[in-house]
Amino acid sequence: MFKISNATGGYGKTTIIRDVSLEVGAGEIVALLGRNGVGKSTLMRYVTAEIPNWEGRVELDNALLPDTTFGRARAGLGYVPQGRFVFPRMSVIENIAVAAATNGHKPKQAVEHAMEWFPMLKSKAAALAGGLSGGQQQVLALARALAMKPKVLLLDEPTEGVQPSIIDEMAGILLKIREESGIAILVAEQDLDFCLSIASRAYVMERGAVRLAVDREELRQNKELQQELLGV
Amino acid sequence: MDYLFAVLLSSLSSASILLIATIGLAVVFGLMGVINLAHGEFIMFGAYAALTATQQGVPFILSIPIAVLLTMIFGALVEILIIRRLYGRMFDTMLATWGLSLALYQCAVIIFGTVSPGIGMPQMSIAIGEYSLAVYPLLMIVVAASMLIGVYYLLTKSVYGMKARAAIQVPHMARAIGINSSNTNTLTFAIGCGLAGFAGAVLLPIVPATPSMGFAFVIKSFLIVVVAGPVTLAGSALSAIGMGGGASVISSFMTSVAGDIFFFALTLLLLRFYPLGISSRWRFKL
């Protein structure tokens, strides 16, 4: 359903990702693992067309995605970047509403839905997003991406700087949303437990390329690989 | 008593005229962080557009939307050719728009000459005791208030307003949720220019179109926006009424020079006590 083939890209003249191919099926949650600096975030930015495409293609439902970042978003690509990037001088409600309205969904319903999924946002609904804590901003960034009703959701380090109780909550909600809407999720992570709790399989990246693909059981049992990924 | 009332009313109308001329600048500065020193020339553009339309036989009231539209189109071109290359570089933008302002002034001199015919003010007046006030300038109080409410509503409640703010706050993230940031920014700048064009057109019966009319407005408008601070729209309304209205009261009792001295002295004083603008601790968004 969602397919990246031979992705090659980077910054300036430096190639960061080389010939990356992977696939995520409908209703599937797939993890993208690897240590810092292997190119996970760059792959995400390649997919959202934030960096130029040197080679390769990104397809959704067997159709090539448009060339622009906003075109890809409207075609059904949701993205929660590392660092969240909420709109700081807009309220929590506006952050969610603008994402829904831009993609032709009713803002009011989207906000209601988001508040159901993430009750912790309720008490902050009218507050400016820039004043929220890191964890709250992360949840808001996720709620904003979901308000687009994407077909594919890219999550870049969603647990970074987030307290454990919220991480568990996020995992539960992602599983529920996957169930309800059949969304495909690709999540780049360092937190192995989080990945094992939601993803059915994983790609392991190394020096800008996919080194191997494993399923959850394999990952759970392969202590050697785990240690390598955790860097211990 | 009647005299005092008449002075207050006409001062409020002068303040409203100043506010009408300022709102476009406030929108562009507040939303995009761009100080458009050619703002006065966009007002002039609107004034000449309306004047030319009425000379072609278009009724004055219809010449206003024509002027707004033409100024918006011109503003969009300026954004695409100049402004969008300079976002986040405030001083470069000021320099570029100042240059644009000089060029537009010269163009107007070449095309229209330095004097141009005014259009007659709609001849109606109301009597307050033994004083008689022209209706049209008083109408500007209503125009300024509706303009303020309309722009506030557009920018805070409408979907466009949310997109515009998102696109300027975090452009790459706005794109990632499907907003075409560069088109949105072009539209925002064009709206700011359209508001300037509206000012030029609607004020035409009061302030005749001349090539140098922009200079007269831009200095005071600019100071009002600076004094207003971060909550640009509401702040500009308050500082326009306080500074513009105050100056107008002073000039009716003394001379217009005294009024101007009051305006600039008050600016200095306010900036001395509120270096970030009077609205720096307010809590609304615009």
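I looked up the bridge partner of A:Val204 in β10(A), and A:Leu212 is that partner. Strands here are DSSP runs of E with at least two residues, helices are runs of H or I with at least four, and both are numbered from the N terminus. I noted that this is a predicted model, where local features need pLDDT of at least 70, side-chain atom pairs count only at pLDDT 80 or more, and totals for chains, interfaces and linings use all residues. Residues are numbered from 1 along each chain as its sequence is written, and chains are lettered from A and ligands numbered from 1 in the order in which they are written.

**The sheet of chain A**

I then followed the two strands. Strand β9 (residues 201-206) and β10(A) run antiparallel and are joined by six bridges. They belong to an open sheet of six strands with mixed pairing, in the order β6-β7-β8-β3-β9-β10 (chain A). Two strands pair if DSSP finds at least two bridges between them. The edge strands are β6 (77-80) and β10 (209-215) of chain A, each pairing on one side only. On average, neighbouring strands of this sheet are turned by 20° against each other, direction ignored.

**Helices across the sheet**

I checked which helices lie across these strands. Helix α1 (residues 40-47) of chain A lies across β3 (29-33), β7 (152-156), β8 (184-188) and β9 of chain A, and runs at about 145° to β7(A). Helix α5 (residues 134-147) of chain A lies across β6 and β7 of chain A, at about 175° to β6(A). Axes are lines fitted to C-alpha atoms, for helices over the stretch in contact, and angles run from 0 to 180 degrees between N-to-C directions.

**Chain A as a whole**

I counted nine helices and 10 strands in chain A. Its C-alpha atoms fill a box of roughly 45 × 40 × 30 Å along the principal axes. Buried residues make up 46% of the 232 residues. A residue is buried if 20 or more other C-beta atoms, placed from the backbone, lie within 10 Å of its own, exposed if 12 or fewer, and partly exposed in between. A:Ile173 is in helix α6 (residues 164-181) of chain A. It counts as partly exposed because 16 other C-beta atoms lie within 10 Å. The C-alpha atoms of A:Ile173 and A:Phe118 are separated by 8.3 Å, although the two residues are 55 residues apart along the chain.

**Where the chains touch**

I found 22 residues of chain A in contact with 16 residues of chain B. Contact is called if the C-beta atoms of two residues, placed from the backbone, lie within 7 Å. On the side of chain A that touches chain B, α2 (69-74) and α3 (92-102) of chain A each supply at least two residues. The largest share, six residues, comes from α3(A).

I looked at α3(A) again. Is it buried or exposed? It is mostly covered, with 11 of its 11 residues buried. The cover includes α4 (107-117) and α5 of chain A together with α6 (159-169) of chain B. A:Gly104 follows α3(A), and its phi is positive, near 80°.

The end C-alpha atoms of residues 135-155 of chain B lie 31 Å apart, and the span is 100% helix and 0% strand. For residues 253-274 of chain B, the end C-alpha atoms lie 28 Å apart, with 86% helix and 0% strand.
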